[in-house]
Amino acid sequence: MSRRSRLALILGGSMLALILLLCIAAILVARSAWFHEQVRERIVAEAEKATGGRVEIGSFDFQWETLTARVNDFAIHGTEPAGSPPLLRVRSITVALKIVSMLERVVDVRSIAVDQPQARLIVSADGTTNVPQPKAPRASSKTPLETILDLAIGRFSVQNGTLEVNSKRMPWSAAGENLRAQVVYNRLPPSYRGDISAQPLHFRVSNTLPVDLDAAVSLTIEKNKFTISSARLQTAHSSVELSGAVQNFSSPQSLFQYNARLSLDEVLRTLRFRARPQGMVLIGGSASVRDFGHYLLTGNMHMGPLSFGQGNLQVRNVRAESA
């Protein structure tokens, strides 16, 4: 072997060894507590910039073997009073990544799993909420929905979530348990398709009108369209089914089809009526909405057989129809 060939071999071997040592050093640094703390602080800073709220993170962990990152005890504090529960608290967020191109530094998000999110929205008498405003204006001209679509998250799931809404403007509250969401990204056309459910969903108007129901929605989100392929709200004896779409988000146009099957006894018991007619009311039709001043609701109503009475007066097997 010539001296030049031997030199080239030594240099090549040395470079390979150096690259290997750098890779080992990078892995060791990435696994160190210092690296995790640096990433945790960066996540907090970026999240506070994007949301405008105060962000807390309990811990951060990254597994190089599976390209999986996990954030524990994540919280966003909005404008709620000091000492109140935060706007959002999540036990853990797990993100699985996929390297598409090392040279172009392209990484896809294979999946995001959110465990035990707890959201608390406060609506004040003047209509303001505890949702903070971003500290810096959005540099991109894209809408938030377009930005979400650009993330191309392969699969998104939410498990064991709760939602509380408390309004002082019109006294009502809502809380959902066992919140679940399965959302899949489609490249052509760019859209998210998924199923969301909450069982049960507790809804209360004032302090005397509680309703417990199960909610399930199948939907598709596109760049300028929101489609509900099916939505079902169900109580012990009543149900409402809904489908339709909202288009053109800058000037929304909505068109929905609905079918409701209502138990008179259940509805009037919820409304605290003393009289308790027995029977079912079926309502089906369509609704188009542009805004609160421009809407059209059409349909047909079938009632019966109904039974009601007062004292010795009892009326049974009454039927009625109306358009």
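Arg-232 has a relative accessible area of 30%, so Arg-232 counts as partly exposed (buried means under 20% relative accessible area, exposed over 50% and partly exposed in between, with a 1.4 Å probe and protein chains only). The model is predicted: local features need pLDDT of at least 70 and side-chain atom pairs count only at pLDDT 80 or more, while totals for chains, interfaces and linings use all residues. Residues are numbered from 1 along each chain as its sequence is written, and side-chain values use heavy atoms, leaving out hydrogens and water.

**Salt bridges**

- The structure has 3 salt bridges, each being a side-chain nitrogen of Lys or Arg within 4 Å of a carboxyl oxygen of Asp or Glu.
- Arg-232 is the partner of Glu-241 in one of these salt bridges, where the closest N and O atoms are 2.3 Å apart.
- Glu-241 has 39% relative accessibility and therefore counts as partly exposed.
- A salt bridge also links Arg-54 and Glu-56, with the closest N and O atoms 2.7 Å apart.
- Arg-54 is partly exposed because its relative accessible area is 46%, and Glu-56 is partly exposed at a relative accessible area of 32%.
- Another salt bridge joins the side chains of Asp-265 and Arg-269, at 2.5 Å from N to O.

**Helix H4**

- Asp-265 and Arg-269 both belong to helix H4 and are 4 residues apart, about one turn of the helix (helices, H or I with at least four residues, and strands, E with at least two, are DSSP runs numbered from the N terminus).
- The relative accessible area of Asp-265 is 15%, so Asp-265 is buried.
- Arg-269, its salt-bridge partner, is partly exposed because its relative accessible area is 34%.
- Val-267 is also part of helix H4, which covers residues 264-270.
- Val-267 counts as partly exposed because its relative accessibility is 30%.

**Cis peptide bonds**

- Gln-199 and Pro-200 are joined by a cis peptide bond, and omega there is about 0°.
- Pro-200 is placed in strand S7.
- A cis peptide bond also runs from Gly-304 to Pro-305, where omega is near -5°.
- Pro-305 belongs to strand S13, which spans residues 294-310.

**Positive phi angles**

- Most residues other than glycine have a negative phi, and most peptide bonds are trans.
- Asp-73 is not a glycine, yet its phi is positive, at about 55°.
- The position of Asp-73 is in strand S2, made of residues 68-77.
- Asp-73 counts as partly exposed because its relative accessibility is 47%.
- Gln-116 is not a glycine either, and its phi is positive, at about 55°.
- Gln-116 is found in strand S4, which runs over residues 106-123.
- The relative accessible area of Gln-116 is 29%, so Gln-116 is partly exposed.
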